[in-house]
Amino acid sequence: MIGRLRRTYGRLRLGTRLALGLGGLSLVVFAVVGTALTTYMRDYLSAQLDTQLAQGQIAQSKSIVDYGTLSGKKYYSWFYAVYDVSDGKPVLRRPEDPGDLPADVDDFTSVAQAQTAADTEVLRTQHLKGKGEYRLRACEVEPGVVLVSAAPMDDIEDTVGQLITIQVVTFGLALLALVVFGRGMLRRGLQPLSDMAHTARDITSHDLTDSARLPMRHDGRSGGPEVEELRTAFNTMLEHIDDSLAVRAEAEQRLRRFVADASHELRTPLMSVRGYADLFQYAAANAPEEREKHLARLRAEAARMGFLLDDLLLLARLDAAEVETPLRPQEADLVELVEQAADAFRVTHADHSLTVAPGPGSVKLRLDPQRIRQVLDNLLTNAAMHTPTGTPVSVAVSVANGTAQVRIADAGPGIPPADRERVFDRFYRVDKARSRDRGGSGLGLAVAQSLVHAHGGRIDMTSEPGATVFTVTIPLAVERSPWNGNG
């Protein structure tokens, strides 16, 4: 219900929302004012009733002292009780008239007891059974005699109730008028902004480079100088957007061409280097130890650069996914892929202990198993390469809210706060001083993120000293996207 109200409110126009907000604020003000007036009136009437009780008891006390009776000093619908006090315990006298007291006199006795203990007048508001709210006052008539009088508060409650009714009706009508007329005034005041919104929608249907400028009107009826400033800023923004989009598109196109061309051109000579290195290694005759060492190094470098080119080609294909489809989705078991990646990690990184947490026995998904395995390998390798030897690593698979999650955590020193937002950037390495042999090219996490995004999922990272966690989330029912297909 609350969500539906929020969606309905979100669809309202700005003028209507402002009017409702103004109405809500006014309602709070009316409530505060009404509460203050009601409280003041109740206190004022209660004070008058207390004064009336005091004045009535003066005359009643004199009548009791002079004549021993209350005859002629009674008020309509009041109750009276006279107590003789001995040893601090009040004893009720027999009333002159049975109507002078209600059936239950416990409240009267309690007030008399309190007056005896305090030795001063006592005022209380009590609800008498079957009678309603009464104001009780106890005073000492003469030593050893206490008079308790009770006046009904019905008139006060009736007056306060009428006051509340008048306030509710008056404030309700004022609030309705404020919302209705305020909405109209606000809509007229916001009309220039509505015109600008229509112009913006017209612009979005055309190429921004050819879009018509927002009309400039300075007739004084367009919303005032603030709207004119907004209109001018809007036009200036469109010009900057046009320029920025052109520059960005050109830069991105150059970058994509560079990555694709460089990868394609370098791949052939690198394969040749590997072949010649193999031939030279077997044919070398002089100082084979030195030559073999250098040739092994050459092969390692060539292999590393080959992996780099593979990653660059994959990223280029993912960036141009509308042209190429680098994924080959099929039914696969995510749990099985995690177990395979864990086994490979234990073999290649024996200096790190890996724990696979208990989870579901099988999670069937439609995905590219080779690419998801590449994501898992990259994340596990990242955990091993950026933590000290012996650092424990854990992997957990879970299913929640229509998604499958793989959580890869390590207990290493964590990622510095300044680097956390850039760990997925291409060629970015947290440890700038790490050698290329151990530190990699800085593409592993970028490739992993792009591949997960291609599957319709995401990678989240949290890090602090002693706990770095990468969470891969993939929808159980992946919607078709430009990447989902056989290519």
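Predicted model: local features only at pLDDT ≥ 70, side-chain atom pairs only at ≥ 80, totals over all residues.

Trainee: What is the phi of Asn401?
Mentor: Most residues other than glycine have a negative phi. Asn401 is not a glycine, yet its phi is positive, at about 55°.

Trainee: Where is Ser77 found, and what is its phi?
Mentor: Ser77 belongs to the loop between helix 2 and strand 1 (79–86). With 31% relative accessibility, Ser77 counts as partly exposed. Ser77 is a residue other than glycine with a positive phi, near 70°.

Trainee: Which residues is Ser71 in contact with, leaving aside its neighbours within four places in sequence?
Mentor: Ser71 is also placed in the loop between helix 2 and strand 1, and it counts as exposed at 51% relative accessibility. The C-alpha atoms of Ser71 and Glu96 are separated by 8.5 Å, although these residues are 25 apart along the chain. Once the sequence neighbours are set aside, the contacts of Ser71 are Ser63 and Glu96.

Trainee: Which residue in the turn between strand 1 and strand 2 has a positive phi?
Mentor: Strand 1 is joined to strand 2 (residues 89–92) by four bridges in an antiparallel arrangement. One of the pairs places Asp84 with Val91 as its bridge partner. The two strands form a hairpin with two residues between them, and the turn residue with a positive phi, about 55°, is Asp87.

Trainee: Which residues does Gln57 touch, not counting residues up to four places away in sequence?
Mentor: Gln57 lies in helix 2 (residues 14–67). It counts as buried because its relative accessibility is 1%. With the sequence neighbours excluded, Gln57 touches Arg137, Ala138, Cys139, Leu147, Val148 and Ser149.

Trainee: Which residues form the covered face of strand 8?
Mentor: In a regular strand the side chains alternate between the two faces of the sheet. Strand 8 (residues 364–367) has Lys364 and Arg366 on its uncovered face. The covered face holds Leu365 and Leu367.

Trainee: Which residue stands opposite Lys364 in strand 8?
Mentor: Strand 6 (residues 330–333) and strand 8 run antiparallel, with four bridges joining them. Within this pairing, the residue opposite Lys364 is Asp333.

Trainee: Which residue caps the N-terminal end of helix 9?
Mentor: Helix 9 (residues 369–385) reaches 24 Å from its first C-alpha to its last, close to the 24 Å expected for its 17 residues. Its buried residues include Ile372, Val375, Leu376, Leu379 and Leu380. At the N-terminal end, a side-chain oxygen lies 3.1 Å from the backbone nitrogen of Gln370, and the capping residue is Asp368.

Trainee: Which residues does Leu334 touch, not counting residues up to four places away in sequence?
Mentor: In soluble globular proteins, nonpolar side chains tend to be buried together. The largest nonpolar core has 47 residues, and Leu334 is among those that touch the most other members, together with Leu376, Leu380, Val406, Ile408, Phe470 and Val472. Beyond its sequence neighbours, Leu334 touches Val363, Leu365, Ile372, Val397, Ala404 and Val406.

Trainee: How many residues are in the second, separate core?
Mentor: This core includes Phe79, Val105, Phe108 and Leu136. Its number of residues is 18.

Trainee: Why is helix 11 largely enclosed by the rest of the structure, and which residue just after it takes a positive phi?
Mentor: Helix 11 (residues 444–454) is largely enclosed because eight of its eleven residues are buried. Among them are Leu445, Val447, Leu451 and Val452. Just after helix 11, the residue with a positive phi, about 80°, is Gly456.

Trainee: What percentage of the residues of the protein chain count as buried?
Mentor: The protein chain contains eleven helices and twelve strands. Of its contacts with a separation of 6 or more, 64% are between residues 24 or more positions apart. Of the 487 residues, the part that counts as buried is 35%.

Methods: Residues numbered from 1 in each chain as written. Heavy atoms only, no water. Buried < 20%, exposed > 50% of the residue type's maximum accessible area, 1.4 Å probe, protein only. Pairing = 2+ DSSP bridges. Contact = heavy atoms within 4.5 Å. Core = buried A, V, L, I, M, F, W, Y, C linked by side-chain atoms within 4.5 Å. Expected span 1.5 Å × (residues − 1). Polar contact = N/O pair within 3.5 Å; in protein donor to acceptor, adjacent residues only side chain to side chain.
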